[in-house]
Amino acid sequence: MNAQTEQVDDLQLVALPTAVNVADMFVRFSLGEWRLRAMQEEASHTARRLVGAAVDVADPRAPGLLLVRLRLSGSHLVVEVEGVRVALPPELAGARAGLVDLTAGGRLAWCEMALPSGMNASAVPLPRREPRRSPAAEKLGDEPDVDPELIQRILYGLGGAKERRPD
C-alpha cells in the first residue's frame with residue numbers, strides 16, 4: 001500500500017446485512033464526487049465483498065461497527081474496511097489485497113485498484129459544492145438583519161466570547 005494519501009472519504013456502519021448496500025451507495029457517491037465514475041462498478045463490487053465478508057463474521061447479537069474508507073494514493077484507489085471482526089473474502093485473494101492486524105485492536109481489510117491510465121491521485125479534483133440554503137430558509141426569504149453587538153452579548157452570555165465588549 002502506498003502511504004501518501006491525497007484524498008480520503010469514510011463512513012461508519014453497523015456490521016449488519018444492510019451495511020453492504022449502504023457501502024455500495026457510499027462508494028458510488030464518493031467516486032462520482034471525485035469524477036472517477038469509470039471506477040464505480042469495480043470499486044463498489046470490491047466494497048460490497050469486503051463489507052459482506054465483515055458482516056459474515058460479525059456476531060449478529062452484537063455486530064459492532066465497521067469503518068468503510070476510500071483513499072486515493074499514488075496511482076491507486078484503496079478500498080478499506082476496518083473493524084473488530086473483519087475478514088478478507090476469498091474472491092479478492094488474487095487481487096492486490098490484504099488483511100492487517102491493527103495495533104489498537106481490530107483488523108483492516110484492504111484492496112487496491114489502479115486508477116485509469118495516466119492518472120494519479122494528485123490529479124483527481126476535490127469535490128466542489130455550491131453554497132445552498134435549506135428549503136426552509138428559502139421559504140423565509142432574505143436573511144434577517146442581525147445586530148453584531150447583540151450576537152456578541154449572546155456569545156459572551158453563553159461563554160463563547162473571550163471578553164465582553166463595553167456596553
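In the predicted model, D24 has a relative accessibility of 13% and therefore counts as buried, the limit for that class being under 20%. The residue belongs to helix α1, which runs over residues 18-33. Contacts of D24 with residues beyond four places in sequence are made to S44 and R48. With S44 the contact is polar and involves both side chains, at 2.5 Å. The side chain of D24 also takes part in a salt bridge with that of R28, with an N to O distance of 3.2 Å. Because D24 and R28 are four residues apart in helix α1, about one helical turn separates them. R28, at 27% relative accessibility, counts as partly exposed, whereas D24 is buried.

Helix α1 consists of 16 residues and spans 23 Å between its first and last C-alpha atoms, close to the 22 Å expected at 1.5 Å a residue. Just after the helix, R35 adopts a positive phi of about 60°.

Confidence was examined for the protein and for its elements. The mean pLDDT of the protein is 85, with 87% of the residues at 70 or more. Among the elements, the highest mean pLDDT, 96, belongs to helix α2 (residues 40-57), and the lowest, 75, to helix α3 (residues 135-140).

Strand β5 (residues 107-114) is largely enclosed by the rest of the structure, because six of its eight residues are buried. Pairing of β5 with strand β3 (residues 76-83) is antiparallel and extends over eight bridges. Within this pairing, C111 of β5 stands opposite V79. Strand β5 also pairs in the antiparallel sense with strand β4 (residues 97-101), here over five bridges. W110 in β5 is the bridge partner of G98. Five residues lie between β4 and β5, and the two strands form a hairpin. In the turn of this hairpin, G105 has a positive phi of about 100°.

E82 is located in strand β3. Its relative accessibility is 27%, so E82 counts as partly exposed. Leaving aside residues up to four places away in sequence, E82 touches L65, L66, L67, R69, L102, R107 and L108. For L65, which is 17 residues from E82 along the chain, the C-alpha separation is 8.5 Å. With R69, the side chain of E82 makes a polar contact of 3.0 Å. E82 and R69 also belong to a network of salt bridges that links them with R71 and E80.

Across the whole structure, nine salt bridges are found. One of the pairs is R49 and E91, whose side chains meet at 3.2 Å, N to O. This pair joins distant parts of the chain, 42 residues apart, with R49 in helix α2 and E91 in the loop between β3 and β4. Both partners are in the intermediate accessibility class: R49 counts as partly exposed at 33% relative accessibility, and E91 is partly exposed with a relative accessible area of 48%.

A further salt bridge is formed by R96 and E112, with the closest N and O atoms 2.6 Å apart. Because R96 lies in the loop between β3 and β4 and E112 in strand β5, the pair ties together parts that are 16 residues apart in sequence. E112 has a relative accessibility of 7% and therefore counts as buried.

Conventions. Residues numbered from 1 in each chain as written. Predicted model: local features only at pLDDT ≥ 70, side-chain atom pairs only at ≥ 80, totals over all residues. Heavy atoms only, no water. pLDDT = per-residue confidence, 0-100. Buried < 20%, exposed > 50% of the residue type's maximum accessible area, 1.4 Å probe, protein only. Polar contact = N/O pair within 3.5 Å; in protein donor to acceptor, adjacent residues only side chain to side chain. Contact = heavy atoms within 4.5 Å. Pairing = 2+ DSSP bridges. Expected span 1.5 Å × (residues − 1). Salt bridge = Lys/Arg side-chain N within 4 Å of Asp/Glu carboxyl O.
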